[in-house]
Amino acid sequence: MKRPERVAVIGVGILGSCVGWNLARHGVEVVFIDEGQPGEGVTNWSFSWVNASNKTVRRSYFDLNVAGMAAYRELADVIGPDLWWHPGGHLRWADEPAAEAKLLETAELLAGWDYRVEVRTGAEVRHLEPALAVPDEVPVAFYPDEAWVQGRHVVGRLVDLAVAAGAERRFGTAVRGIGTRSDGAVRTVVLSDGSQLEVDAIVNAAGPNASHVAGLVARQLPMRWEPGAVTRVECAQVPVHHPMHAPHIEIRPDGDTSMVLHSREIDALIDTGKDSAELGRLLHEVAQQVVPELGNARITRTRVSNRPIPADGFPSVGAVPSVPGYYEAVTHSGITLGPVIGRLLAAEILSGKRDEMLADFRPERFLT
């Protein structure tokens with residue numbers, strides 16, 4: 001295909017904003033489409049941890065996430081870190097022998113892959129984070145190159161920059177249809193407000209709704225059902241300054257007076273019928289065992305969101321050969337991968353050339 005002149009980006013979370021910004025700054029007319037507001041969906045309700053230490057199941061996936069971490073540092077240099085970029089490292093420890101052995105095994109593996117990791121004791125970590133209730137001799141893995149981001153803020157910044165370069169915003173409206181030409185190539189996008197857009201290509205970055213958007217071009221994109229509950233708590237001043245995976249709970253700062261809580265164990269209760277308020281209360285209780293000062297914090301909101309995870313757990317990124325002009329950018333860990341996928345997919349759309357880094361994550365592996 002020739003270089004597209006007008007591209008619709010469906011879904012404006014971290015992935016959609018990164019793809020759209022990269023296209024807009026290279027002269028493409030981008031139309032951002034989202035049924036909500038940019039960055040307010042799953043992007044704003046994820047743990048927002050930039051890492052590769054949790055991505056060791058496949059070496060190519062680990063390498064892609066390492067590239068994502070590097071892409072964030074580059075992005076902060078290009079657009080400015082503002083309030084969204086928070087480097088400084090990540091902590092992880094366990095409270096039972098098997099989990100502790102696994103933590104140390106993973107740390108050794110990552111060190112062998114030249115990924116920076118330091119194993120400290122609980123006593124040493126309390127010099128870094130005095131508010132933690134962690135036993136003195138417990139081994140704690142510290143990953144100094146990891147970070148967290150305020151996803152909603154970086155999305156807003158990227159959208160604003162793309163709009164300054166000529167991008168169009170269509171927020172608060174959903175995609176109702178995608179029209180194709182006689183050769184099967186993408187031609188139009190029909191919106192819920194009744195408007196119809198002429199486009200040369202579309203990017204499906206619709207997160208949990210990606211399977212529905214794929215269906216509009218008669219494509220099957222199998223997705224997992226894997227919901228997660230995230231709670232925000234308000235405190236006079238945040239008692240910790242690093243994202244961390246403590247036993248049974250994940251905790252990170254979210255600005256000067258807010259913190260984010262998540263737990264896979266609490267996620268397992270979602271389908272048992274517990275409502276979001278109860279899930280939030282449970283998260284708050286567990287978090288207090290790690291950071292006792294959070295006893296004075298107030299829950300502000302809990303949200304349950306379905307994670308956008310393709311069926312095999314890996315990203316689906318790139319062109320779908322059967323539908324010329326249709327591209328996917330669908331993945332879990334979108335926070336870590338947003339900048340690198342945004343750059344690689346935009347380059348593919350512009351040039352037609354496929355980057356080898358995405359070879360294991362091509363959408364056609366789901367074709368039937």
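Predicted model: local features only at pLDDT ≥ 70, side-chain atom pairs only at ≥ 80, totals over all residues.

Trainee: Okay, how many residues of strand β1 are buried?
Mentor: Strand β1, which covers residues 6-10, has 5 of its 5 residues buried.

Trainee: And which way do they point from β1?
Mentor: R6, A8 and I10 point one way, while V7 and V9 point the other way. In a regular strand, side chains alternate between the two faces of the sheet.

Trainee: How many bridges join β1 to β2?
Mentor: There are 5 bridges between β1 and β2 (residues 29-34), and the two strands run parallel; within that pairing, V7 stands opposite V30. Together with helix α1 (residues 14-24), β1 and β2 make a right-handed β-α-β unit.

Trainee: What about β13?
Mentor: Strand β13 (residues 201-204) also runs parallel to β1, joined to it by 4 bridges, and here A8 stands opposite I202.

Trainee: Switching topic, how many aromatic pairs are there?
Mentor: The structure holds 9 aromatic pairs. One of them is F314 with F361, a tilted pair with 6.1 Å centre to centre and 40 degrees between the planes. The two residues are 47 residues apart, with F314 in the loop between β18 and β19 and F361 in the segment after α9.

Trainee: Are those two buried or exposed?
Mentor: Both F314 and F361 are buried.

Trainee: Which rings form a cluster?
Mentor: F62, W113, Y115 and Y143 are linked into a cluster by ring pairs.

Key:
Residues numbered from 1 in each chain as written. Heavy atoms only, no water. Buried < 20%, exposed > 50% of the residue type's maximum accessible area, 1.4 Å probe, protein only. Pairing = 2+ DSSP bridges. Right-handed = clockwise from strand over helix to strand, strands pointing away. Phe/Tyr/Trp six-rings, centres within 6.5 Å; stacked < 30°, edge-to-face > 60°.
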